[in-house]
Amino acid sequence: MLFKGEEWLLIIILVILLFGPKRLPDLAKSFGEGLREFKKAMNSEEEEKPTVTATPVAPVPPTVPEDEVPAKKA
């Protein structure tokens with residue numbers, strides 16, 4: 001949902017009324033720092049993902065039922 005210009009103006013006026021013009025720079029700074037930390041955490045999480053590689057598995061010889069096993073010669 002995109003805001004129109006009038007809606008942004010209303011939001012800015014409400015923020016100024018709630019927090020006062022003196023606290024706005026501090027709020028913007030803390031918001032920017034929080035956003036930076038969030039992006040940093042997201043990037044570090046992507047780097048920590050383990051890479052899945054296929055490990056070679058030794059082939060298993062086929063099994064033969066006992067009644068089909070040839071008799072050993074002595």
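This report walks through the helices, the surface and a few residues of a predicted model.

## Overall picture

Let's start with the whole chain. It has 74 residues, and 1% of them count as buried. The secondary structure consists of 2 helices and 0 strands. The accessible surface is about 7900 Å², with carbon and sulfur atoms contributing 65% of that area.

## Helix α1 and its end

Helix α1 covers residues 5–19, which makes 15 residues. From the first C-alpha to the last, α1 reaches 21 Å, close to the 21 Å expected at 1.5 Å a residue.

## A nonpolar patch

Five side chains are worth a look here: Leu9, Leu10, Ile13, Leu14 and Leu17 make a nonpolar surface patch of about 510 Å². Leu10, one of these residues, belongs to helix α1. Its relative accessible area is 51%, so Leu10 is exposed, as the cut-off for that class is over 50%.

## Ser30 in helix α2

Now to the other helix. Helix α2 spans residues 24–48, and Ser30 lies within it. How close does the side chain of Ser30 come to the backbone oxygen of Leu27? The distance between them is 3.0 Å. Ser30 has a relative accessibility of 41%, so it counts as partly exposed.

Terms used
Residues are numbered from 1 along each chain as its sequence is written. This is a predicted model: local features need pLDDT of at least 70, side-chain atom pairs count only at pLDDT 80 or more; totals for chains, interfaces and linings use all residues. Side-chain values use heavy atoms; hydrogens and water are left out. Helices (H or I, at least four residues) and strands (E, at least two) are DSSP runs, numbered from the N terminus. Buried means under 20% relative accessible area, exposed over 50%, partly exposed in between (1.4 Å probe, protein chains only). Accessible areas come from the Shrake-Rupley method with a 1.4 Å probe; for residues, only the protein chains shown count as cover. The expected span of a helix is 1.5 Å times one less than its number of residues. Patches are made of residues with over 30% relative accessible area and no salt bridge: like charges are joined within 9 Å, nonpolar side chains (Val, Leu, Ile, Met, Phe, Trp, Tyr) within 5 Å. A salt bridge is a side-chain nitrogen of Lys or Arg within 4 Å of a carboxyl oxygen of Asp or Glu. A polar contact is a pair of N or O atoms within 3.5 Å; within protein, one must be able to donate a hydrogen and the other to accept it, and residues adjacent in sequence count only if both atoms are side-chain atoms.
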